[in-house]
Amino acid sequence: MTIENISVNKSFGGWHKQYSHQSKTLNCAMRFAIYLPPQASSANKVPVLYWLSGLTCSDENFMQKAAAQRMAAELGIAIVAPDTSPRGDDVANDDGYDLGQGAGFYVNATQAPWHRHYQMYDYIVDELPALIEATFPVSDKRAISGHSMGGHGALTIAMRNPERYSSMSAFSPICNPINAPWGKKAFTAYLGKDKATWYDHDASELMRKAKQFIPAKVDQGGADDFLTEQLKPETLLAAAESNSYPLVLNIHEGYDHSYYFISSFIEEHLRFHAEHLKK
């Protein structure tokens with residue numbers, strides 16, 4: 001597969017790079033960013049943390065705002081940040097910020113007009129890791145994390161593919177999208193009105209029924225404007241407790257939904273993943 005380098009920046013002895021490629025899964029051009037720590041070489045392939053961003057974001061938000069590169073360089077972890085949806089003039093879109101381009105929700109759409117391009121689940125699980133592992137000096141040891149819509153994606157993807165990830169974490173995830181306005185809107189559009197198809201994309205439902213466990217870390221701001229209506233971390237905690245799932249969930253008073261919150265605790269998440277990637 002041909003990829004095109006868009007930008008290169010040296011950072012903490014490693015390299016932040018942006019690329020574009022033509023995605024067969026999404027039927028459009030896609031962009032992603034990768035941070036390669038200084039330890040990465042053909043003789044020393046490093047593990048990868050996949051970061052899934054939230055509504056309205058692209059690959060740039062995390063790489064520019066999370067302040068993750070210093071710790072990733074210290075720990076020897078590569079970070080891959082894909083875009084949050086297919087994009088392009090012929091890609092279906094919506095006037096709302098919470099549907100369409102910038103809001104792929106990391107599911108495989110089954111409904112028109114979305115199904116032609118919006119296959120984000122397959123892209124994140126299969127196509128993108130295959131491209132990354134074939135192109136860069138990285139191993140097949142993977143962890144996954146994300147924020148908000150991306151936190152939903154990270155948790156659900158990891159729990160549905162426990163053999164592919166050593167650990168999962170999230171900041172302010174949409175924990176129970178089948179009962180949240182963002183989730184209801186997106187799932188109705190992408191998956192249809194049959195709510196039975198929604199449950200495979202709900203972190204609380206998956207955690208309650210899980211048979212294979214992945215170490216999980218979730219951090220949530222106590223002053224998050226979306227906490228009660230959209231995020232519902234209490235449902236995830238209840239699901240974990242009912243199934244003895246290894247979840248650590250922390251509520252941080254005073255913190256909101258922004259990257260000020262993420263950058264305050266990203267080092268803890270990277271250390272958490274590093275511990276499990278080494279096992």
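Helices here are DSSP runs of H or I with at least four residues, strands are runs of E with at least two, and both are numbered from the N terminus. What you're looking at is a predicted model, where local features need pLDDT of at least 70, side-chain atom pairs count only at pLDDT 80 or more, and totals for chains, interfaces and linings use all residues. Residue numbers start from 1 along each chain as its sequence is written, and side-chain values use heavy atoms, with hydrogens and water left out.

By that count, the chain has 9 helices and 9 strands. Its radius of gyration (taken over C-alpha atoms) is 17 Å, close to the 19 Å from the globule rule (2.2 Å times the number of residues to the power 0.38) for 279 residues, so the chain is as compact as a globular protein of that length. The C-alpha trace spans about 50 × 40 × 35 Å along its principal axes.

How much of the chain is buried (under 20% relative accessible area, 1.4 Å probe, protein chains only)? Of the 279 residues, 61% are.

Most residues other than glycine have a negative phi, and most peptide bonds are trans.

Phe105 sits in the loop between β5 and α3. Ser244 is found in the loop between α8 (233-243) and β9 (247-252). There's also a cis peptide bond, with omega about 0°, joining Ala112 and Pro113. Pro113 lies in the loop between β5 (78-82) and α3 (120-135).

Technical notes
Buried means under 20% relative accessible area, exposed over 50%, partly exposed in between (1.4 Å probe, protein chains only).
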